[in-house]
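Colleague: Hey, can we go through this one together? I'd like to start with the ligand.

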Amino acid sequence: MVGGGFGAGKTTFVSAVSEIPPLSTEAEITAFSETTDDLTHLDGKTTTTVALDFGRRTLGDHTLYLFGTPGQDRFWFMWDDLVRGAIGAVILADTRRLADAFASVDFFENRQLPFVIAVNHFDGSHQHTTDEIRDALALNGSVPVLHLDARDKENCRDALVAVVEHRLALTLATP
Ligand SMILES: Nc1nc2c(ncn2[C@@H]2O[C@H](COP(=O)(O)OP(=O)(O)O)[C@@H](O)[C@H]2O)c(=O)[nH]1
Ligand SMILES: [Mg+2]
């Protein structure tokens, strides 16, 4: 699963890494959503994911199905179904709006789904160190933190490998 706040780069991530044309349910942002969707720092963003992003990516002999969660919490009723059977999650964090990642961190922690934090560097954003991110998000020491550009397909593939490896390490550690 690909989580993170509104505008953190979920749709971009799924589009970059998917080997099939990603299914995305984008809609134009209209004046109606101005009061609900916070567009601070998101000057170029004119569409929003209404339901989810879906993609597929093969790693070695295994195929991962990618579900990008909708950023807006009014669609969270869907997440409980999506999380069933998931291997893990990549949570995208925009350092200009780090607090937007809290809800995803809470969600996956509560459901005990292993996750990695992928810090998505936007132009002009402060380069936080991994320790700063770890502190700010109150992450448990074992949670991997990586840095990426969600437009770069190799970066995104590395993030998928990281979440699969993290999940395997946790599964092997708990008999
Ligand atoms: N500079 C920069 N822009 C990005 C990056 N990732 C996403 N964007 C842009 O940020 C905006 C929001 O991304 P989007 O994928 O729609 O976010 P979502 O709401 O999480 O699905 C889009 O205009 C993207 O083109 C990145 O790593 N660097
Ligand atoms: Mg989106």
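**Around the ligand**

Modeller: Helix 1 (residues 10-17) gives the largest share of the shell around ligand 1, three residues; helices here are DSSP runs of H or I with at least four residues, numbered from the N terminus. By the way, this is a predicted model, where local features need pLDDT of at least 70, side-chain atom pairs count only at pLDDT 80 or more, and totals for chains, interfaces and linings use all residues. Residues are numbered from 1 along each chain as its sequence is written, chains are lettered from A and ligands numbered from 1 in the order written, and side-chain values use heavy atoms, leaving out hydrogens and water.

Colleague: OK, how many residues surround ligand 1, and which are the closest?

Modeller: There are 17, and the closest are Gly7, Lys10, Thr11, Thr12 and Asn120. A residue is near if one of its heavy atoms lies within 4 Å.

Colleague: How do they split by class?

Modeller: Four are nonpolar, eight polar and five charged. Asp, Glu, Lys and Arg count as charged, Ala, Val, Leu, Ile, Met, Phe, Trp, Tyr, Cys and Pro as nonpolar, and the others, Gly among them, as polar.

Colleague: And which oxygen or nitrogen atoms of ligand 1 does the backbone of Gly9 or His121 lie by?

Modeller: A polar backbone atom of Gly9 is 2.9 Å from an oxygen atom of ligand 1. For His121, a backbone N or O atom lies 3.4 Å from a nitrogen atom of the ligand.

Colleague: New topic: how much space lies in the largest cavity?

Modeller: About 40 Å³. Its lining has six nonpolar, two polar and three charged residues, including Phe6, Asp94 and Arg97. A cavity is a set of points on a 1 Å grid over the protein atoms alone where a 1.4 Å probe fits but cannot get out, and lining residues have an atom within 4 Å of a point; the volume is the space filled by probe spheres set on the points, which are joined across faces, edges and corners.

Notes:
On a 1 Å grid over the protein atoms alone, a cavity is a set of points where a 1.4 Å probe fits but cannot get out, and a pocket is an open set with protein on both sides within 12 Å along at least five of seven lines; lining residues have an atom within 4 Å of a point. A polar contact is a pair of N or O atoms within 3.5 Å; within protein, one must be able to donate a hydrogen and the other to accept it, and residues adjacent in sequence count only if both atoms are side-chain atoms. Helices (H or I, at least four residues) and strands (E, at least two) are DSSP runs, numbered from the N terminus.
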